[in-house]
Amino acid sequence: MNVQTANDPKIIVALDFPSQNPALELVDKLDPAKCRLKVGKELFTRSGPQLVEGLQKRGFEVFLDLKFHDIPNTTSAAVAAAADLGVWMVNVHASGGEKMMTACRERLEPFGADRPLLIAVTVLTSMNADDLAGIGITDSPEAQVSRLATLTKNCGLDGVVCSAQEAPKLKAEQGADFKLITPGIRPLTADKGDQQRIMTPTDALKAGSDYLVIGRPITQASDPLAALEAIHSEVIGL
Ligand SMILES: O=C(O)c1cc(=O)[nH]c(=O)n1[C@@H]1O[C@H](COP(=O)(O)O)[C@@H](O)[C@H]1O
């Protein structure tokens with residue numbers, strides 16, 4: 001709920017569930033000292049702010065992953081609504097541009113130290129060079145990620161969502177304080193699923209990730225708390 005949280009778990013569990021009941025069933029097995037929770041478009045569209053408040057009441061900090069992308073006035077108002085909800089992190093699309101991102105950052109200033117971290121999505125990990133060409137971008141995905149990360153930093157945002165494989169380059173380009181939130185994390189024993197570019201939790205943190213977004217390796221485990229604890233003890237101290 002705060003940019004300066006004393007206990008700062010690196011693991012963000014992606015609550016990719018269709019509705020509140022299965023989400024809470026899982027959450028009630030987890031430990032808020034060891035993870036935060038990500039609520040995305042499907043779950044939020046079904047269950048809304050009430051669910052976010054329910055998670056917070058259980059002691060969890062929430063990353064509201066709604067990837068806002070609209071005109072500056074609309075997007076900054078949405079980000080302020082997320083801040084009113086008391087979420088720990090909120091995100092927008094960097095391709096919304098400088099004016100949009102700056103408006104969002106400025107709109108959060110009155111929230112002071114209680115403001116959420118404001119993060120931008122660069123190029124979705126589902127997009128390759130052909131997909132970018134289809135929307136008129138002829139640079140490589142890597143070059144486009146770097147360009148959008150630079151724009152994000154120049155607008156005063158806190159960091160970006162990226163693949164852990166991009167983390168060393170982005171940390172070198174943007175500096176240690178610029179936060180990198182990385183999905184596509186798989187412990188050695190976990191199924192890759194549909195993720196293409198994966199890294200283990202330890203390798204991702206060593207590569208420069210600040211927070212690891214992890215879904216199925218925890219949510220679909222036969223013992224989700226044991227899966228969380230195994231990853232937590234692997235990465236603690238890194
Ligand atoms: O924004 C995201 O969280 C995200 C961005 C991206 O480029 N790739 C990606 O996988 N994600 C999310 O990260 C989570 C990964 O879940 P698992 O593959 O089950 O670990 C899902 O909630 C995805 O929607």
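Let's start with overall size. The protein chain has 238 residues, and a compact globule of that length would have a radius of gyration near 18 Å. The chain comes out at 17 Å, which agrees. Keep in mind that this is a predicted model. Along the principal axes, the C-alpha atoms fill a box of roughly 45 × 35 × 35 Å.

Next, the secondary structure. The protein chain has 10 helices and eight strands.

What does the record say? An unreviewed UniProt entry annotates residues 10-231 as "domain: Orotidine 5'-phosphate decarboxylase". In the model, that span is 43% helix and 16% strand. Its end C-alpha atoms lie 10 Å apart.

Now two helix pairs. Take α1 and α2 to begin with. Helix α1 covers residues 20-27, and helix α2 covers residues 41-57. They pack at an angle of about 40°, and their axes are 10 Å apart. The crossing is right-handed. Which residues make the contact? From α1, they are Q20, A23, L24 and V27. From α2, they are L43, S47, L51, G54 and L55. By class, this contact has six nonpolar residues, three polar and no charged ones.

On to the other pair, α3 and α4. Helix α3 runs over residues 72-84, and helix α4 over residues 98-108. Here the angle is about 35°, with the axes 8 Å apart. α3 and α4 also make a right-handed crossing. On the α3 side, the contact uses P72, T75, S76, V79, A80 and A83. On the α4 side, it uses K99, M100, A103, C104, R107 and L108. How do these residues divide by class? Eight are nonpolar, two are polar and two are charged.

Last stop, the ligand. How many residues surround it? The shell has 16 residues. The closest are A14, T125, P183, G215 and R216. By class, the shell around the ligand has seven nonpolar, six polar and three charged residues.

Technical notes. Residues numbered from 1 in each chain as written. Predicted model: local features only at pLDDT ≥ 70, side-chain atom pairs only at ≥ 80, totals over all residues. Near = placed C-beta within 6 Å. Nonpolar A, V, L, I, M, F, W, Y, C, P; charged D, E, K, R; others polar. UniProt positions renumbered as here; feature names shortened; annotations may be inferred. Helix = DSSP H or I, 4+ residues; strand = E, 2+ residues; numbered from the N terminus. Axes fitted to C-alpha atoms, helices over the stretch in contact; angles between N-to-C directions. Left-handed = near helix turned anticlockwise from the far one by under 90°. Contact = placed C-beta atoms within 7 Å. Rg over C-alpha atoms; globule rule 2.2 N^0.38 Å.
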